[in-house]
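I am opening a notebook page on a structure that I have not read before.

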Amino acid sequence: MSRFCCIALVLGAALPACVMKLTRLKNDPVDFVRSVKPVLEANCLECHQDRYEFAGLNLETKEQAMKGGRSGPVIVPGAPHQSRLYKVLLLGHDNPVAMPPTPERLDRENEQTLHDWILQGAQWPEGVRLAPPQD
Ligand code: HEC
């Protein structure tokens, strides 16, 4: 009996979290122009663009971004944890490939936005071009 209770408790706690997450993803698709573009422009375009193409990676257009960098594609639609563009955000700053290469990581919320965008298929509307921050 007590073991049953234990299992029921664990399931009871885990299920709602699961359902909530799915509901949020389903009802709240990430809008590239509104949510992803500003994060990439503010944090990444400075070094990954036509003039400064660090590591061969240019994020100005969809075609360039999907082509990836010197190690190949960095976005695997549907699979954030196989996407270098997302994985480099999670590296500790003792790692030279942690991005952005400043001591501060992206905000959790922005990391999550990039994660969900890739998970949902990395939609990038035709013709939308990213621009480096103006200085
Ligand atoms: C200040 C410049 C700078 C900024 C800002 C920057 N990067 Fe980088 N990025 C680099 C450099 C330099 C490398 C090469 C690092 C190395 O291998 O030593 C690199 C490498 C990468 C790579 C690996 C590419 C490959 O094919 O090996 C990815 C992915 C990447 N950056 C993504 C990002 C993302 C995403 C952001 C924004 C969150 C970002 N970068 C911001 C300079 C920058």
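**Backbone, fold and ligand shell**

I began with proline 100, which I found in the loop between H4 and helix H5 (108-119). I kept in mind throughout that this is a predicted model. The peptide bond that leads from methionine 99 into proline 100 is cis, and its omega is near -10 degrees.

Next I looked up alanine 55, which sits in the loop between helix H2 (32-43) and helix H3 (62-67). Its phi is near 55 degrees, a positive value in a residue other than glycine. I noted that alanine 55 counts as partly exposed, because it has 16 C-beta neighbours inside 10 Å.

I then turned to alanine 122 in the segment after H5, where phi is again positive, at about 50 degrees, although the residue is not a glycine. Is alanine 122 buried or exposed? I recorded it as buried, because 22 other C-beta atoms lie within 10 Å and the cut-off for buried is 20 or more.

For the whole protein I counted 5 helices and 0 strands, and 19% of the 135 residues are buried. Among contacts with a separation of 6 or more, 55% join residues 24 or more positions apart.

Last, I went to the ligand, which 22 residues surround, the closest being Cys44, Cys47, Ala55, Gly69 and Met99. By class I listed 14 nonpolar, 5 polar and 3 charged residues in this shell, to which helix H4 (residues 84-90) gives the most, with 3 residues.

Methods
Residues numbered from 1 in each chain as written. Predicted model: local features only at pLDDT ≥ 70, side-chain atom pairs only at ≥ 80, totals over all residues. Helix = DSSP H or I, 4+ residues; strand = E, 2+ residues; numbered from the N terminus. Buried ≥ 20, exposed ≤ 12 C-beta atoms within 10 Å, placed from the backbone. Contact = placed C-beta atoms within 7 Å. Near = placed C-beta within 6 Å. Nonpolar A, V, L, I, M, F, W, Y, C, P; charged D, E, K, R; others polar.
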